[in-house]
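Work through the exercises below with the sequence and coordinates at hand. Each task is followed by a stepwise solution.

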Amino acid sequence: MGSPGGRRDEGGDGGPLLLRPWESGTGSVRKGCDPFAQTQRSKLQHRRARINQQINKEMRMRAGAENLFKATSNHKVKETVALELSYVNSNLQLLKEELEELNSCVDVYQNDSESISVPMIPLGLKETKEMDLMAPLKDLISEHYGEDGVSFDKEIKELMDLRQAMRTPSRNEAGLELLMEYYNQLYFLDNRFFPPNKNLGVFFHWYDSLTGVPSHQRALAFEKGSVLFNIGALHTQIGARQDRMTLQGVDRAIDAFQKAAGAFNYLKENFSNAPSLDMSTASLNMLVRLMIAQVQECVFEKVTLTSTQNDFFTQLQIAQEAARVEEVYSLVHQTMTQAHVKDYVPFSWATMVHVKSEHFKALSHYYAAAALRDCPSMSDDDLPEHEKVFIQFHVTLPEGPSLRLVLQDQEERRKLGKAHLKKAIMRHEEAMRIHSLCKILRKMDILQEVLSFAHKRSLSKYSEIDHEEDFFETGDAPDIHPKTNQRPEIKSPNFSQVKVMDIFHRLGPLSVFSAKNKWHPARQVHLVRGENGFGFTLRGDSPVLIAGVILGGCASVREELQHRK
């Protein structure tokens, strides 16, 4: 996995810009969550880790069995190995189904308030194995920098402790800062210990967030990309836990999902050749679209929270916001059902996205009907303004009388409102039908409550405006033109927000003491000052560098003698 040419995958505009003071001289003050804390989310992550390890074990067994099957010519051995392969593949399928069910447990990440809101889709964190960097880093410090590697035990342990802590970040700003701090340290680590044409000799192991399949690479870019993925995933969990029935909660959710979209988009644009499916271009593209759709859903909720319910223009605006949410979720559903994506996206995710698409289409028609039926009649002075807005409201003009007549005549407004409600009820029923097809979603009480409430509300309003003497056939209401007053923003990660100090700053300034610069073993040179000085010029400070050697001077003669030896 690597970065595209000409792009930089470090913090900010070329690495962490400012230094962060350390407590007691060195050592990060940030800590991960207690790995033994029995919260619902930690239990879920522990189960994920266990399943990942079992998948890894079964895949190693399968690889061994496949190699034996190819190598042997003994018919009896082949039969035994084929039976073993069948057993292993069966186990793998069961484990992957169990992991998919874990990925579908979105209710664990939702807020704990009693208010009812549509669940959001969060991502679980990628799991990684523990790493021992002590020996390889000490060896490189000795070989490359000519320093005693043992004297840097404290710094190496500090780096390893930071890596261990970032495996269990808390689900808040502190957890994000912990991941960001480690990501920024990787910039220094890359420049200190990873020469352009040589690797450190260690493998970075990470498990796929969606399939549990293990991957490993020597490239530090894989470690960076995986941490960046977890930054995005943690933002999704923070967004999902907000109480979106309050203005503050919905604003926080919007910010979190926009930052999640930014992290996944940055990963897609700045890293390539990822060995795991969850970090492939197709997967990241899907995740960016999913986050944008969830932002758009939050925008809809924000509009409904701040709106006056019986205002004509407001009801039309809400209807168009709902149509926009339906539009973006339809795009996400199309992306999730593509051939190279649908095989590893949880079925419950694709189903929920489809349900939301139908649900918000229904809501767009419901609010259109509410604008036509519930809002008071307008005066002649208001008519031109209402007509101007209403003419752009539908995708196609409704059949029948002119829009001016519809707006003026209560009966015509009732008929068009009834047509919209009929369509709303049909879409509500389709959403409930799709919801019933997924076993995991059927267990999700909140989603079922939301769908049922919206359906009953539309039925109730329909019964209010349905007259027994209606002999006309209810027309087909045109779809609502999608429109939003707040377009989602993809917020790229702000790496300079978390300020860090290079853990290995004792090696010297990074511009000089880096992996790309070659060093000879340290040696002493004794010079006797001549009439014109020592015969060399200096520049810089901490460290002082020899800028040049004066031809014929003391240093030049000494250097010539050294070469002759």
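A disulfide is a pair of cysteine sulfur atoms within 2.5 Å. The model is predicted, so local features need pLDDT of at least 70 and side-chain atom pairs count only at pLDDT 80 or more, while totals for chains, interfaces and linings use all residues. Residues are numbered from 1 along each chain as its sequence is written, and side-chain values use heavy atoms, without hydrogens and water.

**Exercise 1.** State how many disulfides the structure holds, and classify Cys298 as buried or exposed.

Solution. Applying the cut-off gives zero disulfides. Next, buried means under 20% relative accessible area, exposed over 50%, and partly exposed in between (1.4 Å probe, protein chains only). Cys298 has a relative accessible area of 0%, so Cys298 is buried. Cys438, at 3%, is also buried.

**Exercise 2.** Locate Leu200 and list the residues that Leu200 touches.

Solution. Helices (H or I, at least four residues) and strands (E, at least two) are DSSP runs, numbered from the N terminus. Leu200 sits in the loop between helix H5 (173-193) and strand S1 (204-207). With contact meaning heavy atoms within 4.5 Å, and leaving out residues up to four places away in sequence, Leu200 touches Pro136, Leu137, Leu140, Phe193 and Phe194. Leu200 is buried, because its relative accessible area is 13%.

**Exercise 3.** Classify Leu538 as buried or exposed.

Solution. Leu538 belongs to strand S3 (residues 536-539). Its relative accessible area is 52%, so Leu538 is exposed.
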